[in-house]
Every structure is written in C-alpha cells, then in structure tokens.
Amino acid sequence: EQPSFITKLGDSQWQMAELVLILPLMFYGLLFGTVYRWLMKKIKGSLKKYSLPLIGKILLGAVAIFGVAVFAPSLLFSGQHAMHLVVEMGIELSVFLLFALSLLKLIFLEICLETGWTGGDIFPITFASILQGFAFAQLLPGYDPLFVVLVVSLSLAVTLLQKEWLAGIFISLFFPIKLWPIALILIFILRWIGIKVKAGRVHDAT
C-alpha cells in the first residue's frame, strides 16, 4: 500500500511574467548546490583524519537514523514514501522549516552514505530540492508556485547530482506537462554552464 513511484505535484498556470524568475532562481540552485558540495568535501576530508572502525561508523549511522525516525520521520529512507505529502508540507510548513528539513535531508543522506548505510541518492536529493522549491514559492506568492518549485528544485538537483539529463528528466516527471518546456530550457542552460566550467578547468590545468 505504498504511494505511486511518481507523485504529480499539481497543476500549473504559469504566465510569461514568470520567465523573469528563471535566471535568479537557477543561479540560487547552482550557488547552493556548489557551496554544499564544497562544504561536504571539506568535512569529509577532515573526518578522514579520524578514521573510525567499521562498527563505529555503522553505530554512528544507526544513531542518526534513530534520531531522524523520532524527530523527523518524513525524512526517513529515500523520501519516496513521503513524496505524496510534499505539497501539503510545502503549504503548511514555514519557509524556515522547509529550508531546515531540506538541509537536514541532504546531511542525513551524506551521513548514511559515509557510515555504510548505502542506497541511491537521486530520490533523497529530489525530495530535498523540492522542499527548497516550495520554500521559495512561499517567498514569491505573486507567481505560479509550481513554476518556482521546478526552477529551484531542478537547478539544485542537477548541481548536486552533476548529471543534467538524468536529474532534469527525473525532476520533470513530478510536474505537469505544461512546465516541461521550462525544464528543457533549464537542462540546456545548466548543461552549457557545466560544459563551460569543465572547459575552463581543463584550460587552467594545461
């Protein structure tokens, strides 16, 4: 009796006026994702200096899972089982709480992966990204909420997963077809930016 694998988040009535939001919201997703990846890399590098035995890692992960199970059960597992509640969460929870849950989900994912409680990362990142999208939708009440959620969540997920087409198409499945052209535009822009960044790194290295 589990919910559907893909949960539609609702309908969209976006207008041309919403197009002015694409670049600012996209760059937010890029910035947040880039800073988060850099910070996690630094933290992992520091923790490697204090290498725990396998049993210690497993116990640390178990403690984290227990804490989430008690205080934030909607963040358990991949997030897929709670995806059908994400719209309700996005409407009822405050902006601060949505941001906090999104960040906690990402940190929880990293803890699980680093302590041996492994699994896929695309659904947890999707869940966290959509929560952040709903937080921004509350900050921009005059615009189509699903338009805002799509731009933020897709940009953030692509940056975290570093896979434009996989993340972009997967995120798009949760949104109505009306928004798929916007998703396609975002995927091409983000892919172009990614290619430019990689080319710049290669040029610097040579």
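Contact is taken here as heavy atoms within 4.5 Å. By this criterion, and not counting residues up to four places away in sequence, Leu9 touches Val86, Val87, Ile130, Phe134, Leu146, Phe174 and Phe175. The model is predicted, so that local features need pLDDT of at least 70 and side-chain atom pairs count only at pLDDT 80 or more, while totals for chains, interfaces and linings use all residues. Residues are numbered from 1 along each chain as its sequence is written, and side-chain values use heavy atoms, with hydrogens and water left out.

Leu9 belongs to the largest nonpolar core, which has 56 residues; such a core is a set of buried Ala, Val, Leu, Ile, Met, Phe, Trp, Tyr and Cys residues joined through side-chain atoms within 4.5 Å, buried meaning under 20% relative accessible area (1.4 Å probe, protein chains only). Leu9, Phe134, Leu150, Leu154, Phe175 and Ile182 touch the most other members. The largest share of this core, 13 residues, is supplied by α6.

Asp144 is located in the loop between α5 (122–139) and α6 (145–161), helices being DSSP runs of H or I with at least four residues, numbered from the N terminus. A polar atom of the Asp144 side chain lies 3.0 Å from the backbone nitrogen of Phe147. Beyond its neighbours within four places in sequence, Asp144 is in contact with Ser12, Gln13, Trp14 and Glu18.

Among the buried residues of α4 are Leu98, Lys105, Phe108 and Glu110. Just after α4, Gly116 adopts a positive phi of about 95 degrees.

Note on methods:
Helix = DSSP H or I, 4+ residues; strand = E, 2+ residues; numbered from the N terminus. Polar contact = N/O pair within 3.5 Å; in protein donor to acceptor, adjacent residues only side chain to side chain. Buried < 20%, exposed > 50% of the residue type's maximum accessible area, 1.4 Å probe, protein only.
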